[in-house]
Amino acid sequence: MSSIRFRLLVALAAGALLLSACGSSDNLAATPDPSASADLVCPLPPPTEVEAPAGATTDLSTKPVVAPAAGPAPTTLQYADLVEGDGAEAVTGSQVEVKYVGAFYDTGKEFDSSWSRGPEETLPFGICRQGVIPGFAVGPTGMKVGGRRLILIPSRLGYGPEGSPPKIPADADLVFVVDLVSVG
């Protein structure tokens with residue numbers, strides 16, 4: 001047997017061995033892609049439900065107002081449903097679109113808002129995915145379309161010790177009011 005034929009047979013045998021180890025193409029579709037979970041920010045502890053503040057804006061056609069804090073800053077991710085939705089539920093990995101207002105916990109001063117860019121402006125992102133701060137990525141978990149949620153985010157799940165100058169100082173605790181517009 002020539003050297004070339006021998007190498008070809010060895011290469012074919014190695015290829016067949018690799019294919020049999022992987023299984024059929026049907027199994028490949030069901031096999032989790034390790035890189036697919038590489039951008040997950042979960043598992044973070046699930047947010048804790050707290051009582052909604054009195055006077056919270058519940059009219060979904062109106063930009064929410066965030067009041068200054070009435071107590072100590074949160075040390076864990078917390079939420080209060082201001083309006084219960086009745087549509088599709090946001091779960092880990094869901095692509096969602098939200099309208100939001102972001103403010104500082106202690107003062108209620110707004111630092112960002114989709115509403116300021118127009119009442120129909122939304123932010124698309126994935127639940128528990130990178131691309132937004134961890135507390136924001138996890139905060140809408142369990143919401144249903146048509147809902148409005150207040151999310152209290154401690155600094156370590158926000159912008160942390162670096163902040164996001166010039167708008168957000170280091171170690172800022174944050175509040176977001178999020179309206180869930182769609183789940184895809």
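Visitor: What should I know before we start?

Guide: The model is predicted, so local features need pLDDT of at least 70, side-chain atom pairs count only at pLDDT 80 or more, and totals for chains, interfaces and linings use all residues. Residues are numbered from 1 along each chain as its sequence is written, and side-chain values use heavy atoms, with hydrogens and water left out.

Visitor: How many helices and strands does the chain have, and what makes a stretch count as one?

Guide: There are three helices and seven strands. Both are DSSP runs, numbered from the N terminus: a helix is H or I with at least four residues, and a strand is E with at least two. Starting at the N terminus, the order is α-α-β-β-β-β-β-α-β-β.

Visitor: Why is Arg 149 called buried?

Guide: Buried means under 20% relative accessible area, exposed means over 50%, and partly exposed is in between (1.4 Å probe, protein chains only). Arg 149 has a relative accessible area of 2%, so Arg 149 is buried. Across the 184 residues of the chain, 35% count as buried.

Visitor: What makes Thr 58 partly exposed?

Guide: Its relative accessible area is 45%, so Thr 58 falls into the partly exposed class. You will find Thr 58 in the loop between strand E1 (48-49) and strand E2 (78-83).

Visitor: Which residues does Thr 58 contact, leaving aside its neighbours within four places in sequence?

Guide: Thr 58 is in contact with Leu 82, Val 83 and Arg 148; contact means heavy atoms within 4.5 Å. Thr 58 and Leu 82 are 24 residues apart in sequence, and their C-alpha atoms are 6.1 Å apart in space.

Visitor: Where does Arg 149 lie, and what does its side chain reach?

Guide: Arg 149 lies in strand E6, and its side chain reaches the backbone oxygen of Gly 139 at 2.8 Å. Not counting residues up to four places away in sequence, Arg 149 touches several residues, including Tyr 79, Gly 139 and Phe 176.

Visitor: Which other residue has a positive phi, and which peptide bond is cis?

Guide: Asp 171 is a residue other than glycine with phi near 60°, and Asp 171 is found in the loop between E6 and E7. The peptide bond from Pro 165 to Pro 166 is cis, with omega near 5°. Pro 166 also lies in the loop between E6 and E7.

Visitor: How is the lining of the largest pocket divided between nonpolar, polar and charged?

Guide: The lining has 20 nonpolar residues, four polar and one charged. Ala, Val, Leu, Ile, Met, Phe, Trp, Tyr, Cys and Pro count as nonpolar, Asp, Glu, Lys and Arg as charged, and the others, Gly among them, as polar. A pocket is an open set of points on a 1 Å grid over the protein atoms alone, where a 1.4 Å probe fits, with protein on both sides within 12 Å along at least five of seven lines; lining residues have an atom within 4 Å of a point. Among the residues nearest the centre of the largest pocket are Pro 53 and Leu 150.

Conventions: Polar contact = N/O pair within 3.5 Å; in protein donor to acceptor, adjacent residues only side chain to side chain.
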